[in-house]
Amino acid sequence: MVLEATMIVVDNSESSRNGDYVPSRWEAQSDAVNLIFSAKTQANPESSVGLMSMGGKGPEVLVTLTTDFGKVLDGIHRTKIRGHTHLATGIQIAGLALKHRQNKSQRQRIIVFTCSPIEESEKDLVKLAKRMKKNNISIDFIAFGDLEPDNTKKLEVFNENIKGGDGSHLAIIPPGPSLLSDTLVTTPILSADGVAPRGGPEEGGAESGGGGFEFGVDPSTDPELALALRMSMEEEKARQEKEGKQDEPKGESLEGIPEENQPLLDGQGEASGSGGDKMDEDKQESSESKAEQKDGDGHGDKMDTA
């Protein structure tokens with residue numbers, strides 16, 4: 001899979017307080033950041049992700065490039081909603097953070113969330129796009145919230161001027177009942193990393209009732225639950241296999257039971273085994289009683305002749 005260093009730029013301006021996205025623009029971004037981190041690191045464990053904000057008094061690097069999900073979560077929780085955005089400055093700082101990545105074989109990518117009006121002119125954005133393209137940096141825009149024609153036009157022009165071999169994408173997501181992250185997985189920004197849509201079947205014919213994931217749980221959002229369900233399934237499978245082996249009939253003969261390898265009838269047509277032994281004992285006892293009776297008769301005759 002692609003080895004990448006990705007800087008995620010979130011929009012923490014006052015516009016992110018709006019609740020037109022479930023549950024709010026800021027919370028929707030936070031959920032999407034978690035999804036992007038999981039997608040990038042699962043596609044290649046050596047890929048790294050950083051986080052920065054572009055609202056308030058100026059852009060701020062919250063987390064440098066890392067593979068530690070806990071640091072990214074901490075950066076999101078420390079972010080304050082304030083001020084307005086500094087889009088161009090934020091992209092430039094993100095580019096500098098990528099330039100100082102430790103693994104130079106990683107491809108460079110910036111993913112920008114924007115939900116507020118863009119103050120930069122179209123001319124300045126075109127100049128910035130060409131500079132980023134020259135530095136081999138791909139930039140993906142996730143536009144939501146403020147989708148005025150002027151905003152979307154500026155983003156489309158920027159995207160046209162930065163498109164390169166590694167691909168730069170623009171995703172425009174209008175408000176709706178679905179979560180921002182659920183819509184995001186259907187866009188080329190994440191579908192290129194092999195992320196299956198939540199709530200839809202995966203390739204291979206999985207039923208839509210399972211949400212497109214094994215056990216109906218997305219491992220990227222709840223890895224502990226997915227692992228527990230998998231372990232439970234394996235334990236149940238092992239238990240069933242063990243019970244199946246115990247129920248199988250054993251082919252070896254039973255020790256101490258003489259009837260196991262004997263014919264049903266003996267040579268005289270009598271039943272073999274314990275039943276035949278009992279009949280033999282009865283015959284022997286009958287013969288002994290007749291012999292005793294005969295001996296008694298002989299003694300009686302001798303006494304008479306005397």
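Predicted model: local features only at pLDDT ≥ 70, side-chain atom pairs only at ≥ 80, totals over all residues.
## Two helices side by side

Two packed helices are described by the angle between their axes and the distance between the axes. Take helix H1, residues 25-43, and helix H2, residues 69-78. Their axes come within 11 Å of each other. They cross at roughly 165°. Angles over 145 degrees count as roughly antiparallel, so H1 and H2 are roughly antiparallel to each other. The crossing of H1 past H2 is right-handed.

## Who makes the contact

Which residues of H1 and H2 make the contact? H1 supplies Trp26, Ser30, Val33, Asn34 and Phe37. H2 supplies Phe69, Val72, Leu73 and Ile76. Sorted by class, seven residues of this contact are nonpolar and two are polar. No charged residue takes part in the contact of H1 with H2.

Rolling a probe the size of a water molecule over the atoms shows where empty space is left. In this model, the count is one cavity of 30 Å³ or more. The largest cavity has a volume of about 40 Å³.

What lines the largest cavity? The lining includes Thr114, Cys115, Ser116 and Ile118. Ala143, Phe144, Asp146 and Leu147 also belong to the lining. Asn151, Thr152 and Leu155 complete the list. Helix H5, residues 149-162, gives the largest share of the lining, with three residues. By class, the lining has six nonpolar residues, four polar ones and one charged one.

How values were computed: Residues numbered from 1 in each chain as written. Heavy atoms only, no water. Axes fitted to C-alpha atoms, helices over the stretch in contact; angles between N-to-C directions. Helix = DSSP H or I, 4+ residues; strand = E, 2+ residues; numbered from the N terminus. Parallel < 35°, antiparallel > 145°, perpendicular 65-115°, else oblique. Left-handed = near helix turned anticlockwise from the far one by under 90°. Contact = heavy atoms within 4.5 Å. Nonpolar A, V, L, I, M, F, W, Y, C, P; charged D, E, K, R; others polar. 1 Å grid on protein atoms, 1.4 Å probe; cavity = no way out; pocket = protein on both sides within 12 Å on 5 of 7 lines; lining within 4 Å. Points joined across faces, edges and corners; volume = space filled by probe spheres on them.
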